[in-house]
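Okay, everyone, thanks for coming. I want to walk you through the contacts in this one, so let me put it on the screen.

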Amino acid sequence: MNSPELVQLMKKRAEAVQACVSVVKGFDDIAAYTADLTKKQGGKTIAATGLDAAEYEILGLICESAGLTLLAPPFRNHARNIHTSLTVAGWGIADTGSLVIDSSSEDVRIATMLPETHIAILPAEKIKPDPEALAGELDRILKADTPAYMAFITGASRTADIERVLAIGVHGPRELHILIVEDHHA
Amino acid sequence: MIKTAQDIKSYKRQLKEALGDRFLRKALDNFNTAYRENRPHVYQGIDFEGIRDEIAAGKDAGLPHLKKMFEEFKVHAEAAGTKVHMAKDALQANEIIARIAREGGVERIIKAKSMTAEETFLNHHLEKTGFEVTETDLGEWIIQLRREGPSHMVMPAIHLSRYQVGDLFETVTREKQDSEDIDKLVKVARKSLRSVFLEADMGISGANFALADSGVLGLVTNEGNMRLVTTLPRIHVALVGYDKLIPNLQSALRILKVLPRNATGQAITSYVTWIKGTNPCLSAPSAHKEMHVVFLDNGRLSLAEDPVFSEALRCIRCGACANVCPIYSKVGGHKYGHVYIGAIGLILTLFYHGSENDRAIVQNCINCQACKSVCPVDIDLPHLIKKTYRAVMDQERQTPVKNVVLSKVMKNRKLFHFILRKAYLAQKPFSKNRPMIRHLPHFFEKKHGFRSLPVIARTPLRDQWKPLSPAVARPEYTIGFFVGCAIDFIYPEQGRALPALLGGHNVQVGFPMDQTCCGLPALMAAEEETAREVARQNIRALAPQKYDYILTLCASCASHLKHNYPKIFKQDPDPPIGLGEFTDKIIDFSSFLVNVLNVSPKAFKRTGKKVAYHSPCHLCRGLNVVDEPRQLIERAGHTYVPSKDEDVCCGFGGSYSVDFPEISSAILNKKLDNIEAADADLLVTDCPGCVIQLRGGMDKRDGRIEVKHLSEALADQLTTDDSQR
């Protein structure tokens, strides 16, 4: 499978599990998307991880003009008060529409778990066809003699524990947005 | 608390009560159907059998090395700061975890769902020791609040309606709840538990995988609570059974392909998380989490060495054996397991919770093979359940009288057949010369009267046979007819149809008179020794070298002869000569007529009668014969009309329908409702046992649909012109 096919499959499979998927051009689009969505949902705060200094600055400026607060780490201090998170996925798995996010940093874990809405940036070139295609790289991380917390995230949190009726957004985020970007950090 | 019946009498009382729970029945019946209908879509493009066999082989290869994998896991996990513990039993595991909590100055504990913690009754122990424990998985939280055990391994609160949950939440929150709106009920849990997450000192989880070559735990979840449990508190303890140890990530990814699909119909769950060591945690004094893994033995290590039962340790806890079980769908998990639910629960209970908790429930298997057909690790569940029943009886040195009698009679063919012939005379006062006994004599309990019973034939097929099947000069095929007790002594007409159908096909049929019961009833009663004895007699009688095929009209006999005979002699130092040839030559009626003789539609009158089909468990799952009977219906000039749940058990199961008449009747009635809804004129099946059940049930409800064995339905349609065949 070539890259555009993988992007399409990733999109299809993630949407099948209620993720919102967009293909975007660059970080300006991402920052605007994040601020707009947060405002639209009536949120006030954004927790961002994995951005470089320039990106962080862009997001900060957009938040300021939109009247939103870009939360300063550590996010544990804001645990009850994170509306949106913006994170960067290490890989995508097209076959299942999953994100793979190295979550050994506590801030990444909190950012992907506690907010109402989780927005993840996924570089197009990091989309793999299936988990097996990623096994070597994962193995390298997991086999190192260091702590690890690696997460496959597929859609929003869900349950069917009451009468087998699917309900989205139990303890984790109620919405997952995936922004596939062609030239992230290009 | 869990109150599993410890004797069969109180168990039957409990079952009756459960059968009366209308919400439960409806919810689980719908679930059973929905699960089975959805399954093919979920597995589209996936080689289920191929992956299943690979996982089973991988698990089997690992079981002898659990201790080695444990040591390997320990080295890698410790290198990343994890403390690894061993617990020989449930109490020790609970004490280790309580000690960790005490030493860590813990007050509040949050838990993610873990069947292993249910197994050790960990919550009970921790609460008794003075800790505050909160389950955070929605279903687990609900049953914790209700002080119940889980009724399903994946969906622990599946036995409850939204209204029951709503009422419970009103008590907990002291606020009015909108029970109609499940989304809102779910949000109650989100809101109520958020503070609990943030204020807890310790989180407890289970694990789906423990990867030996890296010391990593793999967890497969949906709600997100497990990630919070393993992130927010400063201490994380994982309680893990030794059976979760697997060599590496590749083995885990392979299991991950089937676990969510089999469990919940998902390609993957929302969260699959790989955790190792002391990850950063700002609420810990060192800014790094304290991480413990407690490995639980509780019988696993000796189970792993058991030549028969080690297979049970392949289980990956998907819960599918309950999802497809017709009995589970009638009585629910609280009455179909102890802690572990479903077919696997009937087995594991003996090993993890003792014979006293298994002795009643283990008898409640109808042997329909539905669980086996969906098991993603190929555990021969129905077979192991009978083995477990035997082990319970051996451990307790208790054998029911009926087992003693059954064994004594069955081993002696002449005595057995003598009794059957006498039964013809004994039943006369009740049959009133009808072919069925509608009203059972008063010494039967009322609950057995859900179907009319067939009468024993005046003349068994063996006494009618000779003139029916004349010698063929130069036969193309020579077959041995394994007739089976039901056709021989109850329905000889089904057997008489065979020579009629074979006429003109140049087939010589032999009917060895020394053949006896196939032995399945003995195996169902866990009397394997008796089953072996009659098997020897049958193999001797049938002398497989004389025949091209050994044909039966009974799906249960066929599947028992073919698949159980090798199993019951597996550990026998002196298996019967010709066993392999015997089992190779077994063929069912439909396969012989379609695949060997290729009977022509020209041999039959074309009437276009609407015919529904009941697919016997031991034919469709036991022998994998699916298309042939339906083809025969059409070739015989009928119109086959599909009906719902054709391949679901009819509720007969031989002695099962006598031991558990109320469940048998509930399964039967659903089956008959489905058939009546299909608007057929005739119902056919190819197992005389199913005919007993279906015809008896149809008669009792005054249904208009006739029930016949496929052989009869075909013979009725024969044209008189032999040259056409």
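Predicted model: local features only at pLDDT ≥ 70, side-chain atom pairs only at ≥ 80, totals over all residues.

So, between chain A and chain B there are 37 residue pairs in polar contact, counting pairs with both residues at pLDDT 80 or more.

Which parts of chain A do the touching? The elements that give two or more residues to that side are α4 (106-113), α5 (135-143), β9 (148-153), β10 (158-159) and β11 (167-168) of chain A. β9(A) supplies the largest share, six residues.

Now the whole contact. Chain A puts in 51 residues and chain B puts in 69 residues. Together they bury about 5100 Å², with 55% of that on carbon and sulfur atoms. On the chain A side, D161(A), I162(A) and H171(A) lose the most area to chain B, together 16% of what that side buries.

Next, charges. Five salt bridges cross the interface of chain A and chain B. One of them pairs R190(B) with E116(A), where the closest N and O atoms sit 3.1 Å apart. Another pairs E132(A) with K257(B), at 3.3 Å from N to O. E132(A) is in the loop between β8 (127-128) and α5 of chain A, while K257(B) is in helix α12 (residues 249-264) of chain B, so this pair joins two chains. Buried or exposed? E132(A) is partly exposed, at 35% relative accessible area, and K257(B) is partly exposed too, at 30%.

E119(B) and R300(B) come to 2.7 Å, N to O. That pair links distant parts of the chain, helix α6 (residues 115-120) and helix α13 (residues 300-303) of chain B, 181 residues apart. Both E119(B) and R300(B) are buried.

Then there's R630(B) with E646(B), at 2.6 Å between the closest N and O atoms. R630(B) is in helix α31 (residues 627-635) of chain B and E646(B) is in the loop between β18 (639-640) and α32 (656-659), so the bridge ties together parts 16 residues apart in sequence. These two are buried as well. There's also a network of salt bridges with shared partners, made up of D29(B), R36(B), K330(B), D645(B), D647(B) and K670(B).

Last stop, the surface. L415(B), F418(B) and I419(B) form a nonpolar patch there, with about 260 Å² of accessible area together. I419(B) belongs to helix α21 (residues 413-431) of chain B, and at 40% relative accessibility I419(B) counts as partly exposed.

Methods:
Residues numbered from 1 in each chain as written. Chains lettered and ligands numbered in written order. Heavy atoms only, no water. Patch = residues over 30% accessible without salt bridge, like charges linked within 9 Å, V, L, I, M, F, W, Y side chains within 5 Å. Areas by Shrake-Rupley, 256 points an atom, 1.4 Å probe, with all protein chains shown as cover. Salt bridge = Lys/Arg side-chain N within 4 Å of Asp/Glu carboxyl O. Helix = DSSP H or I, 4+ residues; strand = E, 2+ residues; numbered from the N terminus. Buried < 20%, exposed > 50% of the residue type's maximum accessible area, 1.4 Å probe, protein only. Contact = heavy atoms within 4.5 Å. Buried area = accessible area lost by both parts, 1.4 Å probe. Polar contact = N/O pair within 3.5 Å; in protein donor to acceptor, adjacent residues only side chain to side chain.
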